[in-house]
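Let's walk through this one together, starting with a pocket and ending at a loop. Keep the viewer open as you read.

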Amino acid sequence: MRLRFWGTRGSCPSPGPSTNRYGGNTTCLEVRTDDDDLLIFDAGTGIRELGLALIRGADGSPIRGEIFFSHAHWDHIQGLPFFTPAFQHGNDFTLWGSPTLFGSLGVVLRQQMSPVVFPVGFDALRARLEVRALEGQRRSGSGYDVRTIDVRHPGGALGFRVSAAGQPGRSFVFIPDNELDPSFDERDGQPRPASREALVEFARGAQVLIHDAMYTGTEYMEHRGWGHSSYRDAIEFALAADVQTLVLFHHEPDREDTALDSMLQLCHEMVAERGGSLEIVAAAEGMEIGI
Ligand SMILES: [Zn+2]
Ligand SMILES: [Zn+2]
């Protein structure tokens, strides 16, 4: 499998010279399976450039793919109206959401293209777009297997584990928005997140864990209950789950490249103190990982 990051930023796009290296586009991850199936995780603004690349690569042939939504917050859906392949007749995309968010996902994707907020309606998308729920929290294709888990995030969100078919060790975990610290009061009426133990088991032994590491410790204390994690909590989780590589993800919009470099350095020092072999990188637009 091959992973490519098209959007690494959380919450709000933050383009500009100070965020050039890690990127300013919001969440979008492209995955190519062993059979070259196209899986896309989230449709933040990064999906716009992915769409242009897909069209260049297809050279007129139909484009098919599956788009998995962790949840329907703006930074995970706002690129879809700019995903050019969705406007082209003959292309085919299945949009997957959790059963609990399924009803709202279809509604929200339409509403973000309603005339009050957007000039072009959802029905202008000429590709075949089918919104479906991940029944049984699982989707298996010819060469891959996707499992999901409910994580802690306002309104509910999914984490994903993607494995090469029949090779559970060749896998990565993608949890873009998740508050690992369980100590804040959960709001009523939300999907119950998995326990810490279940989450660790879900990620156990993955080659790559891509996880929300939005905050420093100080920032986290000011944003408890907002649904995101500190880099320290992400590292503790990665160590507990015994993954090989942690990819810091969902960067805070105000975090400049140099500040992210410093955060990464602190992460390396923390792992060195613990004596672990965990590798840590920060997600950057254009970065590719092979699994
Ligand atoms: Zn987000
Ligand atoms: Zn969110």
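Which helix or strand gives the most to the lining of the largest pocket? H1 does, with five residues. Before going further, some ground rules: this is a predicted model, where local features need pLDDT of at least 70, side-chain atom pairs count only at pLDDT 80 or more, and totals for chains, interfaces and linings use all residues. Residues are numbered from 1 along each chain as its sequence is written, ligands are numbered from 1 in the order in which they are written, and side-chain values use heavy atoms, with hydrogens and water left out.

Back to that pocket, which holds about 310 Å³ of space. Its lining takes in 22 residues, and Asp 37, Leu 38, Arg 64, Gly 65 and Glu 66 lie nearest the centre. (A pocket here is an open set of points on a 1 Å grid over the protein atoms alone, where a 1.4 Å probe fits, with protein on both sides within 12 Å along at least five of seven lines; lining residues have an atom within 4 Å of a point.) At least two lining residues come from each of strand E2 (28-32), helix H1 (46-58), strand E4 (64-68) and strand E5 (92-97); helices are DSSP runs of H or I with at least four residues, strands runs of E with at least two.

Now for the metal. The zinc ion (ligand 1) has Asp 75 (OD), His 76 (NE2), Asp 177 (OD) and His 250 (NE2) as protein donors, 2.1 to 2.2 Å away. Donors are N, O and S atoms within 2.8 Å of the metal (3.2 Å for Na, K and Ca), and with water not among the atoms, sites may look incomplete. Asp 177 also coordinates the zinc ion (ligand 2), 3.5 Å from the zinc ion (ligand 1).

Finally, look at Ser 142, in the loop between strand E7 (138-140) and strand E8 (144-151). Ser 142 counts as exposed because its relative accessibility is 56%. Leaving out residues up to four places away in sequence, Ser 142 touches Asp 35, Asp 37 and Ala 165, a contact being heavy atoms within 4.5 Å.

Key. Points joined across faces, edges and corners; volume = space filled by probe spheres on them. Buried < 20%, exposed > 50% of the residue type's maximum accessible area, 1.4 Å probe, protein only.
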